[in-house]
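This report describes the fold and selected local geometry of one protein chain. Please consult the sequence and coordinates shown below while reading.

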Amino acid sequence: MKTWAIGDVHGCGITLQSLLHRLGPGQGDHVIFLGDIIDRGKTMQHAWKAIQDLQKSKVQVTLLRGNHEDALLNALEEEKNPPKRKLFKKHIPIALNTWKSFGGAEVLKSFSASKPSDLPADFLEFIASSRFYLEEEKFM
């Protein structure tokens with residue numbers, strides 16, 4: 001069983017697919033994403049497909065939450081529970097605007113979504129399932 005740690009994919013799906021092809025993880029191997037798999041890159045859909053393909057081939061996949069995943073989750077929460085503050089009689093979506101400025105706009109565009117809740121449910125579940133740390137027998 002092999003373990004790989006991959007950081008800062010930032011939505012560069014074609015690059016991720018190429019890397020995974022070279023590494024060749026298989027059943028029983030473990031790929032750990034060290035946060036920031038989303039935002040900035042224009043091929044987030046390809047990155048998501050690569051992750052799904054890993055899971056289908058029985059590769060253990062762990063996502064550690066980076067600040068970009070956290071920003072998306074904050075934008076989702078804000079969408080569900082809009083803030084009560086108003087400016088010029090309008091609600092200002094601070095978390096959404098922050099996430100979009102991090103590169104969230106590219107994620108929305110990659111999935112043809114207009115708001116975070118329009119993103120695929122399985123993708124959002126994967127992001128929400130991210131962990132803050134991983135403790136293994138030989139490393140943390």
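## Contact between α3 and α5

In this predicted model, Glu69, Leu72, Leu73 and Leu76 of helix α3 are in contact with Phe123, Leu124, Ile127 and Ala128 of helix α5. By class, the residues of this contact comprise seven nonpolar, one charged and no polar.

Helix α3 covers residues 67-80 and helix α5 covers residues 121-128; the two pack with their axes 10 Å apart, at an angle of about 120°. That angle makes α3 oblique to α5. The crossing of the two helices is left-handed.

## Contact between α2 and α5

Helix α5 also meets α2: the axes of α2 and α5 come within 12 Å and cross at roughly 75°. With this angle, α2 is roughly perpendicular to α5. On the α2 side the contact is made by Met44, Trp48, Ile51, Gln52 and Gln55, and on the α5 side by Asp122, Phe123 and Phe126. These residues divide into five nonpolar, two polar and one charged.

Phe123 takes part in the contact of α5 with α3 and also in the contact of α5 with α2.

## The three-stranded sheet

Three strands form an open sheet in the order β1-β2-β3, with parallel pairing. From one strand to the next, the twist averages 15°.

Strand β2, residues 30-33, pairs with β3 in the parallel sense over four bridges. Within this pairing, Phe33 stands opposite Leu63 in β3. Helix α1 (residues 13-23) packs on the sheet, where it touches β1 and β2. The direction of α1 makes about 160° with that of β1.

## Residues with positive phi

Most residues other than glycine have a negative phi. Two residues of this model are described here for their positive values. Asp8 is not a glycine, yet its phi is positive, at about 55°. Asp8 is found in the loop between β1 and α1. Its relative accessible area is 47%, so Asp8 is classed as partly exposed.

Lys58, likewise a residue other than glycine, has a positive phi near 65°. Lys58 lies in the loop between α2 (44-56) and β3. Because its relative accessibility is 56%, Lys58 counts as exposed.

## Overall architecture

The protein contains five helices and five strands. Read along the sequence, these elements follow the pattern β-α-β-α-β-α-β-β-α-α. The C-alpha trace spans about 60 × 30 × 20 Å along its principal axes.

Of the 140 residues in the protein, 43% are buried. Among the contacts with a separation of 6 or more, 75% are between residues 24 or more positions apart.

Terms used
Residues numbered from 1 in each chain as written. Predicted model: local features only at pLDDT ≥ 70, side-chain atom pairs only at ≥ 80, totals over all residues. Heavy atoms only, no water. Axes fitted to C-alpha atoms, helices over the stretch in contact; angles between N-to-C directions. Parallel < 35°, antiparallel > 145°, perpendicular 65-115°, else oblique. Left-handed = near helix turned anticlockwise from the far one by under 90°. Contact = heavy atoms within 4.5 Å. Nonpolar A, V, L, I, M, F, W, Y, C, P; charged D, E, K, R; others polar. Pairing = 2+ DSSP bridges. Buried < 20%, exposed > 50% of the residue type's maximum accessible area, 1.4 Å probe, protein only.
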